Amino acid sequence: MKICMIAEGCYPYVVGGVSSWIHSFIKSFPNQEFVVVAIVSDRKISGKFVYDLPENVSEVREVYLQDVDWAVEKQGHFKKKRFRLNKKERKALLSLLVGKDVQWDILFKLIRKPGLSLNNLLMGEDFLDATKKVYRMNYANVIFSDFLWTLRSIYLPLFLVMQTDMPQADLYHCVATGYSGVLGAMGVAKYPKSRLLISEHGIYTREREEELIKAKWVQGVYKNIWIDQFKKMSRLAYDKATTVTSLFEHARELQIELGCAAEKTVVTPNGVDPSRFADIPGKLPEDEKYCNIGAVLRVTPIKDVKTMIRSFALAKKRCPNLKLWLMGPTDEDAEYAQQCFEMVDAMSIEDVVFTGRVNVTEYLGRMDLTILTSISEGQPLTILEGYAAHKPVIATDVGNCRGLIYGETDDYGAAGILTHIMNTEEIADAMVSMGLHKTMREEMGEIGYRRLMNKYKLDDMKRTYYKIYQQLAFDMWVDFYEPERPN
Amino acid sequence: MSGIGVRLNKLYSKNTLVTTVAGVCYSTIVTIAPMVLVMVCIGVMQYFLGFNKESYASRELFSSTVLYIFIFSLLTASPFNSVISRYMSDVIFNETMDDIMPCFHVGLLLNVVLSSIVGLPVVIHEYIVGGVDFMYVFFSYAGYMSLMFVFYAMLYLSICKDYSKITIFYSIGMVVAFLLSWLLVKVFQFECTYGMLIGLTIGFFLTACLEMGQLKGYFKGNSRNYKGLLVYLGKYWQLIVANFGYTFGLYAHNFVFWFSDMQLVVVDTYIDAPIYDTASYMAMLTSISATVIFISNVEMRFHERYKDHSEMIIGGKLNDIIRARKRMFRQIAAEIMSIARIQFIISMVLFLVLIVVLPLIGVQGMVMTIYPSLAAAYFVIYILYCALIFLYYFNDLTGAVMTSVGFSVITVLGSIYCRDHLSPEYYGMGVFVGACIGWSIAFFRLRWVERNIERHIFCKGTIIKKGDGTRPQSIVYTKPVYLQNVNFKYSNAELQKYTAEEQR
């Protein structure tokens, strides 16, 4: 089976949870051919992979959210400046802007029409007419020119994405809805025998919604317009998908709330290979006097590293043997990372170590617990990796952290401490509790390990996906064979 | 032109008959005063220097020379000056004043080259074939080039709203022209036409120098951006065509009748038709007040509506934009109706006065036969001009090209038909029909603009840069993949086939 893996803003350009998941996922199906379609911001990072691509990846194709206006044809030229859409196309464009019964198939063909210039389309009369209609329907009290330019800027990246020539595949596997969902739907529309599988790690629409609500670059009614746009794209992906997976039950409920048919949804928790952590080196002699807290993360604002450092400073005063290890790349948001370094210096906090990107198996054994203070998460792999190494966790109440700590389907007890986001004191308290109570953290670590072995093993995940792939292959009448089937 | 508008608003604000007249007088002075000054100067020269005592040949040569100087300097100035005017507006808007002097130099070069291409063959022909004295030919050419300079520099001063300076410079130039010609004729015993021509030429040259000196005083910086204007010439080629088309149409009917049985050939070079030219000159004077009244009205009333609409476009709701647009176009209709009404009354009065007065001062016969139809034609031409100005306001250059080309082409064809097939009463019908057609095109185009103005405005510009060449490859990595042999009995597809068969 040929699988087209569609990723947005992650694999193989950025290190992170979703990227690692994709990387290990592709390696888990070595006898399937994978084509990676990667949505990136622009051509500047073209080809700059941070992962060694697995043997079974045959192609990487880039899609840019910011680009210049290229005619669709390879050697083609733009058609005359003043071009008009036909009646069907106008209707489809209006349906997209209104967001009701969107005629995506007509739009897919329209955007890939030979000689079409996106500039002429967005600056053209038909787009203006459609905008006027939407404006009169819902937004008649806002400044028209702002409204028009906002709509143009919303649809420009979408149309750029829709110009992509999708590779032929048996299965289009998106790791999010959004733009990658649109590409997956385009693939299915182009090759009707194929299928679309969506594996959502976070809930894309909700994440964008949260970002937009906080954003300063967009104000008032335009926040809602942007949010609606992301909802439209997600609905398309849910409609065209055969199967939609989520990492935990609450995420599945959100998907259904956002318009996904319940019968398409499947919960497929993340999985970690416990054997990777079976014989990892333990504490070094120098570590003995410390209670090591390990944070495996990218030093970026979404991980809220500053709150973690502030909490550590507080906790350190009460429990001097604490030591914080920040393990992960600092180059994704160098400015933020620099601010974190300076914060540590300015506050004169001792025993904070930034290791940079490391192999977690070399360090995790030296830790006494792991920590995660993110303001947004799905189902963090780092918590599961900690569990695999018998380490408890302090985590903020985001994504599925609550489920991982307290258990959703078992009664083993707490495998760590759950705190509120950005709550410095609460996090500091948790650190102190863990630091002072060795037995408690060891018990929690064991609970975590049991929970992992019960539900979150890589084999469990592989088996689930194996079944999904096998079923989809069966439906499509294509061969699906893996020499080593998961137990 | 808003400079005039502000002063006019002040003048009109009391709204009495006296202030109304004062307003009209002021607009008259600043818009047509320069022309009037030159005409008055020539009239005074003729009166004081004994022009009528000159031989018929000398007088005709002088008249033809001055006629050609005026017509062709206006024609050669028309193509580039419209684009220069647009470029200057944008430069002033962008506050990049240092771009003005490079534009001035490039524009001057273009005007000199074009004027020379048109003028040199004529004067060489005049000298070689016509056998005219070299000095006379030289001053004819110098006068032509100087007047071109005057029109060119005047364009810059009028963009700077410095109308009073223009009038002062013209006055100085013409006073010097008269004094010099008087000196040459009366003291140095030059031939009258010689003296007049040299005086006029130096007068024009002095006016041009004064204007250019003023400009140099205004704009001292030089960004050396010589390309800017050339880019605009390519971008706004329609403006060149439209402006030249209209100016050409104004004189095209004269050119046609220069080749009729009214033709007069002077020194084997200058071809004209004094009877037709006099009639058209009088007809032009009958209706020229329309331009003045129109400019003042547009400045005062329409401009406000236009500004309101522009403000709505930037920061208004769609309904407010539509309301402002409707108000603006109602104003246009009102302006055109009012100009037609006022001009009709003025033209009728002037027409009746001229019909009575002109025969008394010796103008009669054929001139008076041709005059009525031409008076009607010029009436329509100036109303057409008003509509054309509105098209420029809305940046509808295609409409402006269609209007001016329609006007000039139909004028030429119509005039040829009238010349060959109709009696002298109807000689002006060609240009009349041409103007009517031009006006109709402009009218329907304005209606079109009214329907499409929002598209015109909102669909302009770019949201994404155009790619240079073909789209680069988006596949950044390829590698052949060798999968393990499918080493089991049946493939999935076969399995499904057999299952289906079994079920059957």
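α11(A) passes α16(A) in a right-handed crossing; a crossing is right-handed if the near helix is turned clockwise from the far one by less than a right angle, and left-handed if anticlockwise. This is a predicted model, in which local features need pLDDT of at least 70 and side-chain atom pairs count only at pLDDT 80 or more, while totals for chains, interfaces and linings use all residues. Residues are numbered from 1 along each chain as its sequence is written, chains are lettered from A and ligands numbered from 1 in the order in which they are written, and side-chain values use heavy atoms, with hydrogens and water left out.

Helices (H or I, at least four residues) and strands (E, at least two) are DSSP runs, numbered from the N terminus. Axes are lines fitted to C-alpha atoms, for helices over the stretch in contact, and angles run from 0 to 180 degrees between N-to-C directions.

| Helix pair | Axis separation | Angle |
|---|---|---|
| α11(A) and α16(A) | within 8 Å | roughly 50 degrees |
| α8(A) and α9(A) | within 9 Å | roughly 170 degrees |
| α13(B) and α14(B) | 8 Å | about 160 degrees |

Angles under 35 degrees count as roughly parallel, over 145 as roughly antiparallel, 65 to 115 as roughly perpendicular and the rest as oblique. α11(A) and α16(A) are therefore oblique to each other. Contact means heavy atoms within 4.5 Å. Residues of α11(A) that meet α16(A) include A:M308, A:F312 and A:L314, and their counterparts in α16(A) include A:I427, A:M431 and A:V432. The residues of this contact divide into eight nonpolar, three polar and four charged. Here Ala, Val, Leu, Ile, Met, Phe, Trp, Tyr, Cys and Pro count as nonpolar, Asp, Glu, Lys and Arg as charged, and the others, Gly among them, as polar.

α8(A) and α9(A) are roughly antiparallel, as follows from their angle. Their contact draws on residues including A:Y204, A:R208 and A:L212 of α8(A), and A:W226, A:F230 and A:K231 of α9(A). By class it has six nonpolar, two polar and five charged residues.

In chain B, α13(B) and α14(B) are likewise roughly antiparallel to each other, and their crossing is left-handed. B:I381, B:L384, B:L388, B:L391 and B:Y392 in α13(B) meet B:L397, B:G399, B:A400, B:T403 and B:F407 in α14(B). Eight of these residues are nonpolar, two are polar and none is charged.

Chain A also holds an open sheet of six strands in the order β10-β9-β8-β11-β12-β13, with parallel pairing; two strands pair if DSSP finds at least two bridges between them. β10 (352–356) and β13 (416–419) stand at the edges with a single partner strand each, so one side of each has no neighbour in the sheet. Neighbouring strands are turned by 20 degrees against each other on average, direction ignored. Within the sheet, β8 (residues 291–296) and β9 (residues 322–327) of chain A pair over six bridges, and A:V296 stands opposite A:M327 in β9(A).

Two loops of chain A have backbone features to note. The peptide bond from A:Y11 to A:P12 is cis, with omega near -5 degrees, and A:P12 lies in the loop between β1 (2–8) and α1 (17–28). A:D304, not a glycine, has a positive phi of about 50 degrees; A:D304 is placed in the loop between β8 and α11 (305–318) of chain A.

Chain A and chain B bury about 4,500 Å² between them, 61% of it on carbon and sulfur atoms. Buried area is the accessible area (1.4 Å probe) that two parts lose on being put together, summed over both. A:W70, A:W477 and A:Y481 supply 14% of the area that chain A buries against chain B, more than any other three residues. The contact takes 58 residues from chain A and 42 residues from chain B.
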